[in-house]
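Thanks for coming. I have one structure to go through today, and I will keep to what can be read from the coordinates. Please have a look at it first.

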Amino acid sequence: MSNNIVVAIDGYSSCGKSTLAKALAKKLHFIYVDSGAMYRAVALYFLRNNIDSNNHEQIAEALKDIHLNFHSRDYQTHITLNDEEVSEEIRLMPVSEKVSEVSAIREVRKEMVKQQQRMGYSKNIVMDGRDIGTTVFPAANVKIFMTADPKVRAERRYKEIHDKNPEITLEDIFENIAHRDYQDTTREESPLVRAADAIILDNTNLTPEQQLQFALDKVEPFL
């Protein structure tokens with residue numbers, strides 16, 4: 001681990017990890033790295049190019065052609081896939097239904113972890129995902145593990161994407177979240193699990209401002 005400060009935020013899908021990580025990074029003037037967006041972008045590439053998740057030769061070749069970058073615009077972090085802005089497309093249901101499968105692939109995780117670690121060794125960062133505090137940065141200065149009631153998570157996700165996908169139902173979202181939880185926690189490669197030294201943040205009944213203050217209090221001793 002370098003002398004840079006690393007804040008690792010892990011947890012279940014639709015817990016607001018990205019919301020907290022973005023707000024925390026902005027407040028601290030750190031770099032925000034959305035690891036989930038990276039896996040979503042890979043999933044999007046696989047969908048577009050009909051990559052078979054069980055064909056290791058196809059996967060290896062595809063990863064050579066996947067170039068991801070983050071950039072900031074209007075105080076928001078955006079991701080590009082081979083120089084194409086895909087921040088909105090990666091949040092749609094086809095990608096949501098594919099991302100847990102893709103992120104469980106050993107070759108994909110190995111490549112993404114390499115890219116994530118390079119970022120952390122050179123800058124002060126806030127990174128959110130599923131295995132940041134356990135696999136990517138096991139020596140992170142602060143580790144937060146987020147959780148919330150599944151029904152609340154489904155309602156939040158529904159409000160987030162309904163305008164862009166009006167045909168989606170709350171039941172669809174709830175089932176997708178339950179399926180992703182199962183895949184994330186039972187996969188062989190870097191399953192979702194709370195690091196022993198991670199601080200639990202249950203934000204079922206917290207406002208964004210309250211959870212931000214919670215995180216700031218944990219990071220402040222390292223500043």
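I will start with the whole chain, then go to the cores, then to one helix, and end with one loop.

Keep in mind that this is a predicted model. The protein chain has 9 helices and 8 strands. Along its principal axes, the C-alpha trace spans about 45 × 40 × 35 Å. A compact globule of 223 residues would have a radius of gyration near 17 Å, and the protein chain has 17 Å, so the two agree. Buried residues account for 48% of the 223. The accessible surface is about 11,400 Å², and carbon and sulfur atoms hold 48% of that surface. Take the contacts between residues at least 6 apart in sequence: 73% of them join residues at least 24 apart. On charge, there are 28 positive and 35 negative, and their mean positions lie 4 Å apart.

Now the interior. In soluble globular proteins, nonpolar side chains tend to be buried together. Here the largest nonpolar core has 35 residues. Those with the most contacts inside this core are Val-42, Phe-46, Ile-66, Leu-68, Ile-90, Val-108 and Phe-137. Several elements each supply at least two of the core residues: the strands β1 (6-11), β4 (76-81) and β6 (125-129), and the helices α2 (35-48), α3 (56-64), α4 (93-103), α5 (106-120) and α6 (132-136). Which of them gives the most to this core? That is α2, with 9 residues.

Leaving out residues up to four places away in sequence, Phe-46 touches Ile-51, Ser-53, Ile-59, Ala-62, Ile-66, Val-102, Ile-105 and Val-108. Two of those names, Ile-66 and Val-108, are also on the list of residues with the most contacts inside the core. There is also a second, separate core of 21 residues, and among its members are Ile-9, Phe-30, Tyr-32 and Ala-148.

Next, α4. This helix is mostly covered, with 8 of its 11 residues buried. The buried ones are Met-93, Val-95, Ser-96, Lys-98, Val-99, Ser-100, Val-102 and Ser-103. What do they pack against? The answer is α2, α5, α7 (150-161) and α8 (170-186).

Take Val-95, which sits in α4, as an example. Val-95 counts as buried because its relative accessibility is 2%, and the cut-off for buried is under 20%. Apart from neighbours within four places in sequence, Val-95 is in contact with Arg-40, Ala-43, Leu-44, Leu-47, Glu-89 and Ile-90. For a sense of distance, Val-95 and Gly-120 are 25 residues apart in sequence, and their C-alpha atoms are 26 Å apart in space.

Last, the loop between β4 and β5 (84-85), where Asn-82 is found. Most residues other than glycine have a negative phi. Asn-82 has a positive phi, near 50°. Asp-83, in the loop between β4 and β5 as well, has a positive phi near 70°. Are these two residues buried or exposed? Asn-82 has a relative accessible area of 30%, so it is partly exposed. Asp-83 counts as exposed because its relative accessibility is 69%, and exposed means over 50%.

That is what I have on this one.

Definitions and conventions: Residues numbered from 1 in each chain as written. Predicted model: local features only at pLDDT ≥ 70, side-chain atom pairs only at ≥ 80, totals over all residues. Heavy atoms only, no water. Core = buried A, V, L, I, M, F, W, Y, C linked by side-chain atoms within 4.5 Å. Buried < 20%, exposed > 50% of the residue type's maximum accessible area, 1.4 Å probe, protein only. Helix = DSSP H or I, 4+ residues; strand = E, 2+ residues; numbered from the N terminus. Contact = heavy atoms within 4.5 Å. Rg over C-alpha atoms; globule rule 2.2 N^0.38 Å. Areas by Shrake-Rupley, 256 points an atom, 1.4 Å probe, with all protein chains shown as cover. Lys, Arg positive; Asp, Glu negative; His and termini not counted. Charge placed at Lys NZ, Arg CZ, Asp CG, Glu CD.
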